[in-house]
Amino acid sequence: MIIDFHTHTFPDAISERVLAKLSRASRTAYFTNGSTAGLLASMEEAGISYSVNLPVMTDAGQVEKINSSLAEQRELLFHKGIITFGGMHPDYADCKSELSRLKENGIKGIKLHPAYQKTDLDDIKMMRVIDCASDLGLIVLIHAGIDIGICDRNYSSVSQILKIIDEIHPAKFVLAHMGGWGCWEDVERDLAGAPVWLDTAFSIGAVTPSPDADKAPCLSCNLSDEAFVRLVRKHGSDKILFATDSPWESQKEYVKRLQNMPLTEAEKNQIFSENAARLLPLI
């Protein structure tokens, strides 16, 4: 079994338009049309059993409507192999009630994206959301490190992450992009071994530029195979979650990348599914 812990879909009516806009901003390619059907087709091709779908709330006014839609679809999507998380925005007034509603509806976690939400991870508003979600036993997955489409500022640095760990102690804290995209030295030196999960999304292999971009991506600094394996072992393979960031990576190719890594079969099994099944849990 393979579980992809980090994917994105968008409503059918706007999915291709949203992808085109984000692709222009990041100058990177995309590998599905961004729809649920596109993700399911990609999963079948890659041999992936489950994908975790992560919504990103870019405005507080989106929170209730999008979460309600996701809660309504949760059971149907799960039977197809998609585990949907909810979302929250740091400017949303009553995060405790909304997060409680998500839990009551069977949602297992939330996604936060400090860069898209233009709020530093250690801002009191963001910390309040993480604290509330953790009290409820929800998984909190954050974009960690620089965003390739917003390169002028790091809204979720390693130092900010360490402050969250020290002051909130979230029990189910997942850091996307191996703990801090583009900040690999800081991650390996200061974060490896901390009580958090790291997901592999958009972190290994070459960044694929958009074929119609007028410039190359502002950064192109994924981990080398050697650095990835070193970080996995320093952090602990029992706290690494396979993730692709589909549609921004090909799920099929990403599975191959991990399969070809110089890791033991036991380590690969942990990363591909065992860790995620334990965290979610699926059984």
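**First stop: a serine on a helix**

Start by picking Ser-69, which sits in helix α3, residues 63-80. Keep in mind that you're looking at a predicted model. Is Ser-69 buried, exposed or partly exposed? Its relative accessible area comes out at 31%, so the label is partly exposed, the range between 20% and 50%.

Select 3-7, 50-53 and 82-84, which are β1, β2 and β3. These 3 strands make an open sheet, ordered β1-β2-β3, with parallel pairing. On average, neighbouring strands are turned by 25° against each other, ignoring direction. Zoom in on β2 and β3, which pair over 3 bridges; show Asn-53 and you'll find its bridge partner, Thr-84, in β3.

Then bring up 36-46: that's helix α2, packed on the sheet and touching β1, β2 and β3. The direction of α2 makes about 135° with that of β3.

**Last stop: helix α9**

Select 251-259 and colour Gln-251, Tyr-254, Val-255 and Leu-258, the buried residues here. Look down the axis of α9: these residues fall within an arc of 105°, so they line one face of the helix. In general, an α-helix has 3.6 residues a turn, so residues three or four places apart point the same way. What do the buried residues of α9 pack against? Show β1, α2, β2, α8 (225-235) and α10 (265-279) to see their partners.

How values were computed:
Residues numbered from 1 in each chain as written. Predicted model: local features only at pLDDT ≥ 70, side-chain atom pairs only at ≥ 80, totals over all residues. Heavy atoms only, no water. Pairing = 2+ DSSP bridges. Helix = DSSP H or I, 4+ residues; strand = E, 2+ residues; numbered from the N terminus. Axes fitted to C-alpha atoms, helices over the stretch in contact; angles between N-to-C directions. Contact = heavy atoms within 4.5 Å. Buried < 20%, exposed > 50% of the residue type's maximum accessible area, 1.4 Å probe, protein only. Arc of directions from axis to C-beta.
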